[in-house]
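Visitor: I would like to go through this model step by step. Please put the sequence and structure up.

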Amino acid sequence: MKHFVSGLAMAVALAAPALAQDGETKVIGISIPAATHGWAGGMNYFAQATVDRLEKAYPQLDFVLATASDPAKQVNDIEDMVATRNIDALVVLPFESEPLTGPVQNVKASGAWITVVDRGLAQEGIEDLYVAGDNPGFGRVSGEFMASALPEGGKIVVLRGIPTTIDNERVEGFQAAIEGKNIEVLGMEHGDWNRDKSFTVMQDFLSKYPQIDAVWASDDDMAMGALGAIEAAGRDDIKFVLGGAGMKEMVKRTMDGDAMIPANVTYPPAMIATAIEITAVGLVSQAPVSGDFIIGSVLVTPENAESYYYPDSPF
Amino acid sequence: MSDVTASAPRRIRMTVIGPILALILLVVAGAMMNPNFLGWDNVTNVLARSAFIGIIAVGMTFVITAGGLDLSVGSMAAFIAGLMILVMNSLVPTMGVGVPVILVGMAVALLAGLAAGLLNGILITRLGIEAFIVTLGSMGIYRSLVTWLADGGTLSLDFNLRSLYQPVYYGGVFGITWPIIVFAVVVILGEIVMRSTAFGRYCAAIGSNDQVARYSSVRVDRVRLLTYAALGLLVGIATIMYVPRLGSASSATGMLWELEAIAAVIIGGTVLKGGFGRVWGTVIGVLILTLIGNLLNLTDFVSPYLNGAIQGAIIVLAVVLQREGKARG
């Protein structure tokens, strides 16, 4: 298989100059995980919207968009793109770092431009452009908001995501930001970025602790679950719930001045749009675009919420 | 049948005690670890939480007793929830926010559940395809359909409608919420059907030997079909209780419910390969599963990373308790 792929890569490399001469059409392959949860749904939406926009803006560019439900399917997608479409650039949001590293390296060997989004590859130096969110920053911004919203200090509970590096980095950033701010973390449990799981975890937190000042739900789906539990229990000791990632319903509530949701912290699924746009610019112009592009996590407050509200996005 | 009665006194006693013992141990452990554990709020939380899986598991008890299996119930619940929300939202402009819309939504849930169950049942009985394969297929189909309906995101019920519908999950009579009441009614009916009707006996007969059942003039295919249809209907009922809780459905809704329901049935003493079923045992199984999660949240006993391991160990232990009884008997 490996010989086959590298043989193929050679063929593509030889064919590339010939292709470049006739018509100058360049192909960008985009490989992303399927919309299996809210954030990924938003990411799919922005990928599609960006492709639609760029196809109109640059007639000389062609796009191939593939969504995969598991890493093996994603590897197949990428191999197919090289074999059948001779892609000039690949924008990939790896499902998992390890299994995708080899296949992306093969694409790189074919001479294509590589843009990696959000999840880095297991080996450094393969990608030409790296576009990602800032997980420690996401935690830090959340922690700083928590500290400023509870100036006297207070007792909070934390809902964590699926146990992953992403979640660990966020929580570490959060803990560093609230250190010495007199904020006591009563408990942390995994809500797995899932509404139902977070609902039950929050119910149990409410039974366990008679006084909770605030909740760091660390994600808007988890915040929705936690809010449901708080509302049902009729508890009024909880001043607010801080979610994250910028789901449109939650940003709307912040925009409308809902006291329970005073803020949000972005981790935009639209980062895929950034990656595709920059890659396109790199192919059609002389502007240098290689390097790292880290999209900061921004605090959304009632004042600036309007610019982070995307009513058409599914997320 | 005769060999069941032969060793009955000892064997039945031990298999009965197994799951109950496990449940009592959990309750005692919980009460010692956290004073709030036996508080009214926590008890109602746990019971209401058990209702979804519980209602489905009662139906699953019949399917498994008759020698079948249904892996599609979790995805089916997600799909029905999505469908229900879409239908109700689309009716709001014409019918306004009111009880009729919710009643239509409930009817949609029941019909969709029944249809989905019948479809599984027909494929299994009429076309003779293995239940595992049919329901594995429909599991994938319903899961994709709900993702597609939600456009990869989350379907949310109209806000005003949700406020009106909410009492179905949160409200109740005499402090006992509706999900608990519905769960109790389903269990009582299930117990009666399993113990005292021809249908219950047919299920057990088919599960232990469908050829013999056929020669004894039991209409095997029809009984099997009915077990899947009933399970589908119960999934619809569970969904009616589920939607008002958070008013949303996404591709993550009902994840792994099928395995929880099957585990609850087996913990409760129903035989996985069919032939013997116990509805009240299933209830104990569901309570054990829900209590484990509840206890792990209420205590800081172990690292949350190990929650799954504790759950797994207790499930196996609960079943071992019964098997030991059988071995000795």
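Visitor: How many bridges join strand 6 of chain A to strand 8 of chain A?

Guide: This is a predicted model, in which local features need pLDDT of at least 70, side-chain atom pairs count only at pLDDT 80 or more, and totals for chains, interfaces and linings use all residues. Residues are numbered from 1 along each chain as its sequence is written, while chains are lettered from A and ligands numbered from 1 in the order in which they are written. Strands (E, at least two residues) and helices (H or I, at least four) are DSSP runs numbered from the N terminus, and two strands pair if DSSP finds at least two bridges between them. Strand 6 (residues 154–160) and strand 8 (residues 214–216) of chain A run parallel, and the bridges joining them number three.

Visitor: Which residue is the bridge partner of Ile156(A) in strand 8 of chain A?

Guide: Strand 8 of chain A runs over residues 214–216. The partner of Ile156(A) there is Ala214(A).

Visitor: Which strands stand at the edges of this sheet in chain A?

Guide: The sheet is open, with four parallel-paired strands of chain A in the order 7-6-8-9. Two of the strands each have a single partner, so one side of each is left without a neighbour in the sheet. These are strand 7 (183–190) and strand 9 (240–242) of chain A.

Visitor: Is Ala223(A) buried or exposed?

Guide: Ala223(A) is found in helix 8 of chain A. A residue is buried if 20 or more other C-beta atoms, placed from the backbone, lie within 10 Å of its own, exposed if 12 or fewer, and partly exposed in between. Because Ala223(A) has 31 C-beta neighbours inside 10 Å, it counts as buried.

Visitor: Which residues does Ala223(A) touch, not counting those up to four places away in sequence?

Guide: Two residues are in contact if their C-beta atoms, placed from the backbone, lie within 7 Å. Leaving out residues up to four places away in sequence, Ala223(A) touches Ala217(A), Val241(A), Gly243(A) and Met250(A).

Visitor: Which element gives the largest share of the side of chain A that touches chain B?

Guide: The contact takes 27 residues from chain A and 26 residues from chain B. On the side of chain A, the elements giving two or more residues are helix 2 (38–57), strand 7, helix 7 (195–208) and helix 8 (220–233). The largest share is eight residues, and it comes from helix 7 of chain A.
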